Amino acid sequence: MIGIAIPVKRLPLAKSRLASVLDPASRQRLVLRLVRHVISTAQQAITRRNLTGRIWLVSADDTVAAMAATYNVQWLCDRHEELNLALNEARTQLERYGTHTMIVLAGDLPFLTATDIITMYDALAEADLVLAPDQERRGTNALAIRLPSPIPFQFGPDSAARHLNAATNLGLRTYLVETPSLAFDLDDSERLRQYCCAVYDDRSRCR
């Protein structure tokens with residue numbers, strides 16, 4: 001069984017780096033659109049690979065909780081509103097369900113494909129930790145581990161290096177998956193422009 005965790009901040013706090021170009025309501029609509037895409041893509045990957053799996057939205061936001069019910073996925077309340085603690089709790093829940101693989105996907109991957117997720121899943125056949133870095137190769141856009149796993153979640157600044165170093169210190173095998181669609185996270189105004197040009201061919205429609 002596979003478990004896919006998608007962490008999502010409280011909507012009023014999400015995409016704060018875009019505050020100079022999008023008002024709060026537009027940022028929240030954008031976040032929900034991106035999360036819907038990640039959920040749908042994860043569902044496609046599970047179906048294509050013929051897997052048994054659960055998708056979890058990890059968030060303290062009530063709107064995100066309602067989205068989980070709408071899309072028939074699980075919701076895990078981020079009680080501490082701290083990503084690594086929330087993912088630790090998600091991992092514990094998944095292990096209780098007998099899950100053998102956990103994949104963490106950032107909720108802001110607009111070009112994520114089912115093939116990306118399947119590639120990460122398949123790479124675990126020869127690795128203990130599979131990591132997809134962001135475009136700067138500093139952040140972690142996706143992470144896959146085989147359960148149970150001793151790896152500590154290290155999301156935050158320079159998380160890619162910290163995840164890889166932690167795995168090396170534990171004697172775990174690591175594997176990098178680097179594709180344009182996995183590396184692209186929507187985290188600044190220039191990437192917003194690129195996203196809107198690709199999806200709408202009109203930047204104004206993001207407002």
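Mentor: A residue counts as buried under 20% relative accessible area, as exposed over 50%, and as partly exposed in between, using a 1.4 Å probe and protein chains only. This is a predicted model, in which local features need pLDDT of at least 70, side-chain atom pairs count only at pLDDT 80 or more, and totals for chains, interfaces and linings use all residues. Residues are numbered from 1 along each chain as its sequence is written, and side-chain values use heavy atoms, with hydrogens and water left out.

Trainee: Is Phe184 buried or exposed?

Mentor: Phe184 is buried, at 6% relative accessibility. Phe111, with a relative accessible area of 26%, is partly exposed.

Trainee: How many aromatic pairs does the structure hold?

Mentor: Rings of Phe, Tyr and Trp (its six-membered ring) pair if their centres lie within 6.5 Å; planes under 30 degrees apart are stacked, over 60 edge-to-face, and the rest tilted. The structure holds four such pairs. One of them joins Phe111 and Phe184: it is tilted, with 5.0 Å from centre to centre and 55° between the planes.

Trainee: Which other ring pairs with Phe111?

Mentor: Tyr195 does; the two ring centres are 6.1 Å apart and the planes stand at 50°, so this pair is tilted. Tyr195 is buried, at 5% relative accessible area. Phe111, Phe184 and Tyr195 form one aromatic cluster.

Trainee: Which residue lies over the face of Tyr97?

Mentor: A charge sits over a ring if NZ of Lys or CZ of Arg is within 6 Å of the ring centre and within 35 degrees of the ring normal. Here Arg54 lies over the face of Tyr97, at 3.9 Å from the ring centre.
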